[in-house]
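Please load the model in a viewer and keep the selection tool at hand. The tour begins with the whole chain and then moves to one part of the surface.

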Amino acid sequence: MLHSIKKMISGETIELKQLNKIVSKINALEESFSLKTDKELQAYTEIFRDQLNNGISPEELIIEAFAVVREASKRVLGLRHYDSQLMGGAVLTQSQIAQMQTGEGKTLVVTLPAYVFGAHGKGTHIITANEYLATRDFQQMKPLFEFLGLTVGLNISGLETDEKQEAYNCDITYGTGTEFGFDYLRDHMIQGSDQLVQRPLFYALIDEVDSILIDEARTPLIIAGKSNASLNLFPIMHMVIESFEDKVEYDYYPETKQIVLLDEGADRLEEAFGIDNVYDSEHREFMHIAMQSLRAKVVMRKDVDYIVKDDKIMIVDPYTGRVMEGRTFSDGLHQAIEAKEKVSLKEENNTQASVMIQHYFRLYKHVSGMTGSAVPSKDEFWETYYLRVTEIPTNKPNQRKDLETLVYLTSDDKIKKIIEETKKYHDIGRPVLIGTTSIQQSEKLSIALKELDLKHSILNAKTEEDEAEIISNAGQLHKIMLATNMAGRGTDIILGEGVPELGGLHIIGTELHSSARIDMQLRGRGGRQGDPGSTQFIISLEDELFYYYDEDEFEKYKNKVKTDQTGLILAPNPSKFVYNVQKVIEGTHFSSRSHLLKLDDINNDQQSVMYNYREKALYVENMQSLIIDAMHERKENLIQELNEINLDNSEHAAMWNEIIDEIKILSTLTADTENIMDSTDKESKIELDSSLKKVYSQAMDIASTVSLEEDIWENIQSIYLEALDRSWITHLDNLHHLREGINIRGYGQEDPYRLYAFDALHTFNEMLQAFFRDIIRYFLQLNATKIED
């Protein structure tokens, strides 16, 4: 009774009632739509397009549009949408998140809202977790969309500009979130409007939405270029730091992964490199390399955080266990790991453009998504993206049994139990999927299985194609498979002949993840479409999860622990303790994402200003208006600064001299030879104000009346864009250094975000003014040279 009341208050029951009504209306049309000819069915697309362009909302078209898609799917694909799939489609059309279990056919669900929004012709982006899934879904669903008169494109890495433009101009475009995001960044680095690939962002439909909008949201998308930083110091630094020890040269705090250099460590660095004081400002870059080398030694683990392959360091995604092709650790960390592993060092990269996942997807007019594990993060989805989560009932009742989690004191005891359980299920013929959190853990369990001569497959660091094929066969008789928790996400495990009668697939989780959603994803690999199956997590207090928990609280619990002879914890209630730890760590990660987002909100506002200047320069008919705008903004800024100067304050002398120099230089470039006095008395402030206005008035007259050939204006446009990009890249580096000091500055009982916002704005204004100054001088110099010629 209480549960029903809670559901009513939350609105869940009302939501499902509404969805059931929609489904009933769609089902009522099925028979009549089955009698329509192909041409009659296809004619609806233009009808819907006209209605949408005349202001009808997508939600109003759901009944007829879904009936059209269902009938077309039956004819083209031989697949009929279940009622639960129609419910999911309705939720997605209303820009919400649909939680649908594994095996519910989410790929087919996508066709419903994609058709409705695709009929707009404004660009519907269907976003998947990797390029293999994007290509697979594109190939499977393309015939359906084309039958209905919609164009379909595929956006993957490596395409030429014209190929990307063709893909983006389609009604529906499949691809990955990172590729769409990188295209957005690249579009704001182009030198000509003909190179633009994206249209205004309209509708994003995201599969595995929690993975993309939450798990990947802690790392911004970054486009980087090569820097000139010397690589020579990294190998030497590693040789020195390799022998450093915890609590001697440094302190390591595993719960936050923070490292503090101790006096002994600083002394050893000074001695090794002949430096008097490593903390002097002139050694800032040296200390940065030292700390990154220490981080590479202490924090970054081979076969967990990265693997070494073909003389390269390759990052391992912590959520999927999959190698992240083409990605590198930033800020010198990658080079420090290369030195540690003694592979060839590559040049460090400097950030040229970046965007947080959160900010990119906020640019879309409509966003919706699907996953099997959104509910645990429904608050974050609402707070960050204003997306509601709706649970969709399964097509068939769920028969999977989720067994109680077993918690062992040590890792060795845990492994013994895992092998024992694996053998038990294997002996009766049931397939077993063992979910691990790292390559290292998979290999350790593989050794233990080999000792008992238990044949098994091990899946890690494969291509997505291999991964999907291997994982799809995990449900065969007597099959044992070791795989990372997220391996093959998006691929169904089909049970082999005779397996359902034995009880279906059994899944063993070897560690709880820092996010309960990932555990849900592993459990969801079993029991698809009413199949039988079972799951159980078997963990230990030596698992990585507990590294991030409060050390004192953890020790208190361990001191109270009582176990049986196998090392299984009996009391105090291990499940209650473990899930409390997980909840605390999830909260920490949420806070971390919120922290980054607060900081990046400021960066994003500034980036929007810069991108606005870029777009004006790309599309303006001639550059004269932008040059005049730059002159006006520069003049107003200098006048304001001049008015704020206190001539009794010695600190204002630099600004005073800067204004005098500005007038001198512009006087020369505008051929105004009037002598400006190098005076600092109060009377000259009025004179300086007058001279400043006069020289800028002359400059604006030149910009308004000058007649330059088209190719010269094109050259000015190119220089304008290059100078703007160069200024922004330098500014991003300055913001990075500002961020590094934000926590320290926060100790003074002032809001660190307010301090960062103030400093970031000041730095941004300085950068923008320097850009205006340089582009004005370039234009006037070009004009002066033309007059001389």
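What share of the contacts in the chain with a separation of 6 or more is accounted for by residues 24 or more positions apart? In this predicted model, such residues account for 75% of those contacts.

**The whole chain**

Select the entire chain, which has 789 residues, and colour it by burial: 52% of the residues are buried. Switching to a cartoon view displays a secondary structure of 30 helices and 22 strands.

**Helix α9**

Next, select residues 161-168, the span of helix α9, in which D162 is placed. T161 is also in helix α9. Its relative accessibility is 39%, so T161 counts as partly exposed. Display the neighbours of T161: leaving aside residues up to four places away in sequence, T161 touches Q195 and V197. For a distance label, pick the C-alpha atoms of T161 and L196; these lie 8.0 Å apart in space, although the two residues are 35 positions apart in sequence.

Now move on to D162. Is D162 buried or exposed? D162 has a relative accessible area of 52%, and because exposed means over 50%, D162 counts as exposed.

How values were computed
Residues are numbered from 1 along each chain as its sequence is written. This is a predicted model: local features need pLDDT of at least 70, side-chain atom pairs count only at pLDDT 80 or more; totals for chains, interfaces and linings use all residues. Side-chain values use heavy atoms; hydrogens and water are left out. Helices (H or I, at least four residues) and strands (E, at least two) are DSSP runs, numbered from the N terminus. Buried means under 20% relative accessible area, exposed over 50%, partly exposed in between (1.4 Å probe, protein chains only). Contact means heavy atoms within 4.5 Å.
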